[in-house]
Each structure stands twice: as C-alpha cells, then as structure tokens.
Amino acid sequence: MGEFKNRINVTINDQHYTIVGEDNPEHIRYVAHLVDEQLKALGRKSTGLDTTRKAILTAVNIMHEKVQLEEENYRLQKEIKQLKNSED
C-alpha cells in the first residue's frame, strides 16, 4: 500500500507552492515559513540580488547550518559515549 501523503499549499517569496509529504501539515508550513523568512532576510541585506541568487544563497546558508548541527551532534554523541565508558 502507498503511504498517505499530505498536499500542503505554502507561499515562499511571494510564490505559491504545493508541497507533498508525509510529515505533519503544520510542520511543513513551519519549515516553509522559515525558508520564506530566510529569503526575505537575505533580500533585505542584499537588495540587488535576483530571486535565483537569493534562493541559492539561502540554500547554502541553510545547508551550512545543517552541517554545523550534524558536526555538533556527532561531537556530543562521542562525548556521551566517552562519559558512559568512563562510568564502567
């Protein structure tokens, strides 16, 4: 059987999109809102950028944050493991 998929209408950078996914619709709307806010913030800082450049720079910024969080998560997991091993 196929998984149930939600079709959620969102607006990002004044453009309407339909996002299809299995996640909670409120979560999808929240993520779309965060992307929209990042695009707008970048647009306020760099008014001369076209939409494509704003989108690419926003994607780079978001991926940078993701990689930093993954690295921090890895570091913390390693620290937890070391602490557990020192208790034994």
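**Exercise 1.** Determine which residues of helix α1 are buried, and explain how they are arranged around the axis.

*Solution.* Begin with accessibility in this predicted model: Ile 28, Ala 32, Asp 36, Leu 39, Leu 42 and Gly 43 are buried in α1, where buried means under 20% relative accessible area, exposed over 50% and partly exposed in between, with a 1.4 Å probe and protein chains only. These residues lie on the same side of α1, because they cover an arc of only 125° around the axis, the arc being that of the directions from the helix axis to the C-beta atoms. Finally, look for the packing partners of the buried residues, which are β1 (6-12), β2 (15-21) and α2 (51-87); contact here means heavy atoms within 4.5 Å.

Residues are numbered from 1 along each chain as its sequence is written. Local features need pLDDT of at least 70 and side-chain atom pairs count only at pLDDT 80 or more, while totals for chains, interfaces and linings use all residues, and side-chain values use heavy atoms, with hydrogens and water left out.

**Exercise 2.** Describe how β1 and β2 are joined, and what happens between the strands.

*Solution.* The two strands run antiparallel and are joined by 7 bridges, strands being DSSP runs of E with at least two residues, and helices runs of H or I with at least four, numbered from the N terminus. Two strands pair if DSSP finds at least two bridges between them. As one example, Thr 11 has His 16 in β2 as its bridge partner. The hairpin has 2 residues between the strands, and Asn 13 takes a positive phi near 55°.
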